[in-house]
Amino acid sequence: MQFHHHGYVSGDPRVQPAAGIGRDRPADLPDEVDVLIVGSGPAGMLLAAQLAQYPDVSTRIVERRSGRLELGQADGIQPRSVETFQAFGFAERIIAEAYNIAWMNFWGPDPEDPSRIIRTARTEDYAFKISEFPHLIVNQARVLDYFAEAAALAPGRIVPDYGMEFAGLTVHPEGEHPVEVRLRRTEGDRAGEELTVRATYVVGSDGARSGVREAIGRTHLGASAAHAWGVMDVLVNTDFPDWRTKCAINAEAGNILLIPREGGYLCRVYVDLGEVPAGDNRQVRSTPVEAVIERANAILHPYAIDVKQVAWSSVYEVGHRVTDHFDDAADEPGREPHVFLTGDACHTHSAKAGQGMNVSMQDGFNLGWKLGSVLTGRSPASLLTTYSAERQPVAQELIDFDREWSSLMARKPEEISDPQDLATYYLATAEFPSGFMTRYAPSSIIAGAARQELAEGFPLGKRFASSEVVLVADGNRVHLGHHARADGRWRIYVFADRAAPGEDSALSTWAQWWTDAAASPLATFTPAGADADAVFDVKVVYQQPHEEVDVTRVPDAFRPQTGPLGLTDWEKVFAAAPSAWTSTDIFEERGLSRDGVVVVVRPDQYVAHVLPLTATDELAEFFAGNMLPPR
């Protein structure tokens, strides 16, 4: 973590200096805002935390509840989400309080007595094999708390406006703030009072029954699977030996997905209630929790649970739905979108694959930096058309995956030919639920794959997969990707050719072009008077061991002087070669060209371009296609 570059800091370094609108944030909702976020769920709160890094953008988030969420329904946190938490600065703290999924065990009928269940498989959780980040369980309410803290401590000082519900909107054809939003107070002496806010952009993060979605005429497509599950968070005493291990349990009496919760005692239990008969008219949703507990005990035989407390319970029918478009203009070529949908407002599915909160947060991450870039004049408004184009296919892939996973979970014992097949499927599909399968198609912000062979381990359109390197300045082993913060900047990772610092090389030529050429993106898109790394965070990785890299001979492109004191940034120069500290070599691990390669990464951590060091014109052309010179 870097601080002191704006002067000595004696307090909490997570509290960034207030700037722009954050210096004197109005207590009441203003009549006009740049961005109005409706709903403070995972997508909405991440979006607020991201936009708080753009303090010149007026952003407000409204929520009909009277205060913070106290009991969240979602709890599964995939490795990609933890990677995102790292970018927002709270991964280590939330890992410390969460339940870490180390194993998933599978249970099925005992062949000698099918009325009893036995353990049929143990599998190490997939997170250990595909990420440096764990697979966690933690209450959604705590995730929202951390994002709320990030938003409140960032320069924009964004906090939710509670007690405000959405009542409707109208998109006008012209004007700086074309979206007229009607809100209604739900709390206090003024409850029931309506007010109007004009916004440039509105984001509906208001759940599966989204009023914003309805207001823009978008359709939730899909249907219920006519299968019901009871879910409960319980504190119990039990003789079941795997109560603190994630389990999929298949029995003659039905199925259970068991997920231990944070804190050492609480567990979430999904209990199969069977097919929903035709004409049920949602009566199954009235199933009492006592009946769910009774069914759970029947499934667990010969084991049993003695429930001491039910913290929360619900009954739901599995449904798979995705909205036809994720903004108000996706089906009108040439029209700029002004209203967007995120999270459950545009995709809903079962909870058992642990995807809802995770995919929703990535919606917010994808949209946040794009809104910030457009509203600060850094990018054209056409950038916003990429949101629906990128996120809708991801949602459809999620629905398809969840439908298959839910079907496998709901099978009857006689439908299972191989007791190991659920465990096999769980591991074989690990990259998708972990959040690492997403791959965005070529666009103005994702280049084509013509140069992919230069960096095979950084596939274009996929998230930047971190690897260990050594920070040259102090010799410490670090993860290269962990230095990236959710601050709206593009990352440019320059992997050097074989020459050492100070020698004439393709790298030194590239660095001189970056700092001196009029056509360089640094010169073209960095505002006058701003720090050299205000828009582009440029880092270099040398092939030599760190002991052989003289940081004072590294080109100025990788040692910018920033902040009001003009202090040199020492944390942009890394070494790849194995040394006493690390046995990894990022060039080998990620298939990087030894002749040098430039890897461009978007603010939301997705690889946007791969280029040789000599392709400076192509690099300039790429940014000219998605950015604007300063106003």
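Here is a short chat about the cores and strands of this predicted model.

Tutor: Ground rules: this is a predicted model, with local features needing pLDDT of at least 70, side-chain atom pairs counting only at pLDDT 80 or more, and totals for chains, interfaces and linings using all residues. Residues are numbered from 1 along each chain as its sequence is written, and side-chain values use heavy atoms, leaving out hydrogens and water.

Student: What makes the largest nonpolar core a core?

Tutor: A nonpolar core is a set of buried Ala, Val, Leu, Ile, Met, Phe, Trp, Tyr and Cys residues joined through side-chain atoms within 4.5 Å. Here 119 residues belong to the largest one, and W510 and F558 have the most contacts inside it. Helix α8 (residues 356-375) gives the most, nine residues; helices are DSSP runs of H or I with at least four residues, strands runs of E with at least two, numbered from the N terminus.

Student: Why is this core said to lie between domain 1 and domain 3?

Tutor: Both domain 1 (20-88 + 138-221 + 322-411) and domain 3 (452-625) give residues to the core, so it lies between them. The domain bounds come from an automatic or database domain assignment.

Student: Why is strand β15 called largely enclosed?

Tutor: Buried means under 20% relative accessible area, exposed over 50%, partly exposed in between (1.4 Å probe, protein chains only). Eight of the nine residues of β15 (residues 267-275) are buried, so the rest of the structure largely encloses this strand.

Student: How do you know that β14 and β15 pair?

Tutor: Pairing takes at least two DSSP bridges between two strands. β14 (residues 254-260) and β15 have five and run antiparallel, so they count as paired. L257, for one, has Y270 as its bridge partner.
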